[in-house]
Amino acid sequence: MSMQKNKGSGWERDVAKFLTETFGYTFIRNIAGSGAFVGGKNSFRKNILTEEQLQFCMGDIAVPTEMKKMCIECKFYKEFPFHHFLINKPIPMLDGWIEQHLEIVDDSNLWFIAFKINRAGSYIVIPERFIQIDDRLGNHSIYYHNNIRYIVADFEGFVKLYKDQIEEKSH
C-alpha cells in the first residue's frame, strides 16, 4: 500500500474513532470502497442494493444504524488554498469533492466532508441547510458552490458544538 493511501486510511480511522467517541455509537472505516461504489458510473447500484447495503457503501465511514442518514467522505491532502476564501476565488479541489459527494447522497442524507491538510489541521465542509449555526461557532468560512452555501470550519470543534443537531438530522 502506498504511503499516500496509508495516510488516507489513517485519517478515515481517526475520523471514525472521533465520531464513535463523540456520539457513543460505532463508526468504522468503510473497507467496501466508499462512495465510488455507488457514485458516478456506478449510480445504478443505488437502485439494486437494499437500504442497509446502500448505507454501508455510501461514504468513507460506515455509519451506525442509529445515524443511518449520515454520509461522510474523508480527504487528506498535503496543501489546500485557504487564501481563496479571503479573495472570493473558487477552489476547484473543493468543488470536485462536493460534486463527487453529491453524486452519492440523496436529499434526505445529512452529509459532510472531513478533510485534513498537512500541518494545517482538520476541517469540515457541510451544507449550511443542515445546521443552524450561531455565535458559538466563531471563525469559519462560507463557501459557495453552484449557489449553495457550505460551512467550512474546524472539524472536531464543529462536530462537538453541533453534535445534537447532527445526530437529530441523521436519524
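1. A residue counts as buried under 20% relative accessible area, as exposed over 50%, and as partly exposed in between. Arginine 29, at 25% relative accessibility, is therefore partly exposed. The model is a predicted one.

2. On the overall fold, the protein has 6 helices and 7 strands. Their order along the sequence is α-β-α-β-β-α-α-β-β-β-β-α-α. Of the contacts between residues at least 6 apart in sequence, 63% join residues at least 24 apart.

3. On burial and surface, the protein has 171 residues, and 44% of them are buried. The accessible surface is about 9300 Å². Carbon and sulfur atoms account for 50% of that surface.

4. How many salt bridges does the structure hold? There are 5, and one of them joins the side chains of glutamate 12 and arginine 29, with an N to O distance of 2.7 Å. Glutamate 12 sits in helix H1 (residues 3–23) and arginine 29 in strand E1 (residues 28–29), so this pair ties together parts that are 17 residues apart in sequence. Glutamate 12 has 12% relative accessibility and so counts as buried, whereas arginine 29, at 25%, counts as partly exposed.

5. A further salt bridge links the side chains of lysine 75 and glutamate 73, at 3.9 Å from N to O. The cut-off for a salt bridge is 4 Å between a side-chain nitrogen of Lys or Arg and a carboxyl oxygen of Asp or Glu. Lysine 75 and glutamate 73 are both buried.

6. Arginine 136 and aspartate 134 also form a salt bridge, with 3.1 Å between the closest N and O atoms. Aspartate 134 counts as partly exposed because its relative accessibility is 33%.

7. Is histidine 84 buried or exposed? Its relative accessibility is 12%, so histidine 84 counts as buried. Histidine 84 belongs to helix H3 (residues 83–86). Its side chain makes a polar contact with the side chain of histidine 83 at 3.3 Å.

8. Which backbone oxygen does the side chain of histidine 84 reach? It is that of proline 90, at 3.0 Å. Once neighbours within four places in sequence are left aside, histidine 84 is in contact with Lys89, Pro90 and Ile91.

Notes
Residues are numbered from 1 along each chain as its sequence is written. This is a predicted model: local features need pLDDT of at least 70, side-chain atom pairs count only at pLDDT 80 or more; totals for chains, interfaces and linings use all residues. Side-chain values use heavy atoms; hydrogens and water are left out. Helices (H or I, at least four residues) and strands (E, at least two) are DSSP runs, numbered from the N terminus. Buried means under 20% relative accessible area, exposed over 50%, partly exposed in between (1.4 Å probe, protein chains only). Contact means heavy atoms within 4.5 Å. Accessible areas come from the Shrake-Rupley method with a 1.4 Å probe; for residues, only the protein chains shown count as cover. A polar contact is a pair of N or O atoms within 3.5 Å; within protein, one must be able to donate a hydrogen and the other to accept it, and residues adjacent in sequence count only if both atoms are side-chain atoms.
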